[in-house]
Amino acid sequence: MRVTWDIFCSVIDNFGDIGVTWRLARQLVAEHDQAVRLWVDDLDALCRLCPEANAEDAVQRLRGVEVHRWPQDWPPVPVADVVIEAFACQLPAVYIDAMTQRATPPLWLNLEYLSAEDWVAGCHGLPSPQLNGLQKFFFFPGFTPQTGGLLRETGLIEQRQRFQQDPANRQQFLQRLGINIEPEACLISLFAYENPALASWLEAMAAAGRPTHLLVPEGRIIADLQRWLGVDHLTTGDLHSRGTLTVQIIPFLSQDDYDRLLWSCDFNAVRGEDSFVRAQWAGRPLLWHIYPQQENAHLHKLEAFLKLYSAGLSAVASAALLAQWRAWNSAQDMQESWQAILEVLPELTEQAENWCQQLAGQINISAALVNFHLNWLKCPPKV
Ligand code: TRH
């Protein structure tokens with residue numbers, strides 16, 4: 001059934017808000033033939049992930065999605081059948097009024113942040129009655145079947161596996177980005193917030209005794225890198241060597257190329273939400289820099305994920321993983337934990353693929369949302 005969707009995205013900071021909503025909008029169109037409008041208040045952020053977007057166009061059609069700049073003065077547009085406010089962003093008051101006036105009220109959903117905490121399963125899908133008589137539902141992504149799942153395009157895992165099976169794909173991709181690596185080098189990508197622990201990790205890589213090639217897309221971690229390298233400026237294409245470590249700055253890639261980068265690397269450091277999920281679909285070991293929250297609330301989320309992710313590991317590998325992720329997220333020395341990770345890398349690599357397969361058995365967010373709407377139509381709640 002083809003219905004209309006309005007997805008609202010307010011870019012708070014970084015790329016996660018637009019990264020998730022743009023991916024979701026695309027998938028609803030491509031795989032479910034839905035009519036989707038995406039309202040974004042920062043088109044520059046979208047342009048970084050999707051170079052074919054134009055920051056000047058108030059309305060543009062991109063991959064079948066009608067992308068709108070979210071205007072200050074809200075225009076009189078018809079309310080969609082399904083309304084998604086991403087990450088509790090505030091919908092325009094005029095639009096909410098129009099929702100109450102609609103002959104059949106829309107399904108109103110708040111797409112929440114990703115968390116592996118236990119309580120998420122109990123809250124996924126719960127309604128929240130609003131003063132204006134409408135109901136808003138909480139939609140929680142997650143890692144277990146009791147949640148809304150994760151964003152995963154149909155055929156993604158097969159596509160990734162085909163890419164990884166033929167080394168020529170990796171070579172061609174890396175060459176396109178101007179990356180030449182030694183045949184035996186461990187290839188690592190680094191996407192993180194500012195992090196005082198970086199220097200000790202770089203020390204460990206430089207002294208690891210095996211060639212390591214670190215690829216860093218331009219972004220917030222660059223200043224820490226400059227400090228450790230003792231240089232004033234780093235830009236795309238720069239290449240520096242220290243001991244067995246080579247550091248290379250690469251451009252911020254399109255979302256599709258960023259996937260290929262994750263598939264190409266032996267180990268990926270990722271952050272936030274969307275890159276964290278994409279690294280899991282890459283089937284390679286990862287290190288997560290979680291988005292820091294007040295009162296260290298993020299550390300509970302970190303532990304909740306670690307509990308799930310480390311369940312299938314040996315005691316030694318599990319200890320190495322926990323030590324490294326905790327050190328990275330609490331600005332502690334990384335030298336010992338990196339050494340320990342290298343020792344169990346084959347096991348972590350196997351586990352990464354197993355974990356990916358396990359998650360891929362679950363429903364993905366776009367399908368779960370379409371189902372949610374169909375079920376809601378069958379049995380609309382009484383208000
Ligand atoms: O940018 P982030 O730190 O976003 C964060 C989180 O989503 C966090 O939960 C949220 O509260 C905060 O924003 C406001 O990390 P994230 O979620 O990984 O988003 C990055 C996006 O950028 C993701 O879609 C992948 C994409 N990306 C590229 O397209 N090219 C690149 O080169 C890189 C490094 C990332």
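# Sheet, ligand site and selected residues

Me: Which strands does helix H7 lie across?
Reply: Helix H7 (residues 198–206) lies across strand S9 (186–190), strand S10 (212–217), S11, strand S12 (245–250), S13 and S14, running at about 170° to S9. Helices (H or I, at least four residues) and strands (E, at least two) are DSSP runs, numbered from the N terminus. Contact means heavy atoms within 4.5 Å, and angles, from 0 to 180 degrees, are taken between the N-to-C directions of lines fitted to C-alpha atoms, for helices over the stretch in contact.

Me: What should I know about the model itself?
Reply: This is a predicted model, where local features need pLDDT of at least 70 and side-chain atom pairs count only at pLDDT 80 or more, while totals for chains, interfaces and linings use all residues. Residues are numbered from 1 along each chain as its sequence is written, and side-chain values use heavy atoms, leaving out hydrogens and water.

Me: Back to the sheet. What is the strand order?
Reply: An open sheet of 6 strands runs in the order S11-S12-S10-S9-S13-S14, with mixed pairing. Strand S11 (239–242) and strand S14 (286–289) are the edge strands, each pairing on one side only. From one strand to the next, the twist averages 15°. Two strands pair if DSSP finds at least two bridges between them.

Me: How many bridges join S13 to S14?
Reply: Strand S13 (residues 267–271) and S14 run parallel and are joined by 4 bridges. Ala 269 stands opposite Leu 287 in S14, and Arg 271 stands opposite His 289 in that strand. Helix H10 (residues 274–281) lies across S13 and S14, at about 155° to S13.

Me: Where do the S14 side chains go, and are they buried or exposed?
Reply: Leu 286 and Trp 288 point one way from S14, Leu 287 and His 289 point the other way, and all are buried. Buried means under 20% relative accessible area, exposed over 50%, and partly exposed in between (1.4 Å probe, protein chains only).

Me: New topic: how many residues surround the ligand?
Reply: The ligand is surrounded by 22 residues, and the closest are Tyr 193, Leu 253, Arg 271, Asp 274 and Ser 275. A residue counts as near if one of its heavy atoms lies within 4 Å.

Me: Which atoms lie 2.9 Å, 2.8 Å and 2.6 Å from a ligand oxygen?
Reply: A backbone N or O atom of Gly 16 lies 2.9 Å from an oxygen atom of the ligand, and a backbone N or O atom of Glu 273 lies 2.8 Å from one. For Ser 275, a polar side-chain atom lies 2.6 Å from an oxygen atom of the ligand. A polar contact is a pair of N or O atoms within 3.5 Å; within protein, one must be able to donate a hydrogen and the other to accept it, and residues adjacent in sequence count only if both atoms are side-chain atoms.

Me: Why is helix H8 largely enclosed?
Reply: Helix H8 (residues 222–229) is largely enclosed by the rest of the structure because 6 of its 8 residues are buried. These are Ile 222, Asp 224, Leu 225, Gln 226, Trp 228 and Leu 229. Their cover includes H7, S10, S11 and S12. Gly 230 follows H8 and has a positive phi, near 75°.

Me: And Gln 324, buried or exposed?
Reply: Gln 324 is buried, with a relative accessible area of 0%. This residue lies in helix H12 (residues 315–329). Setting aside residues up to four places away in sequence, Gln 324 touches Trp 201, Phe 267, Leu 287, Met 334, Ser 337, Trp 338 and Ile 341.

Me: What does the side chain of Glu 85 make a polar contact with?
Reply: The partner is the side chain of Trp 108, at 3.1 Å. Glu 85 lies in strand S5 (residues 82–86) and is buried, with a relative accessible area of 3%.

Me: Where is Arg 63?
Reply: Arg 63 is in the loop between strand S3 (59–62) and strand S4 (65–69). Arg 63 is partly exposed, with a relative accessible area of 38%. Its side chain makes a polar contact with the side chain of Asp 256 (3.2 Å).

Me: Last one: what is the phi of Asn 14 and of Glu 295?
Reply: Asn 14 is not a glycine, although its phi is positive, about 60°; Glu 295, also a residue other than glycine, has a positive phi near 55°. Asn 14 is in the loop between strand S1 (4–9) and helix H1 (16–32) and counts as buried at 19% relative accessibility. Glu 295 lies in the loop between S14 and helix H11 (297–309) and is exposed, with a relative accessible area of 80%.
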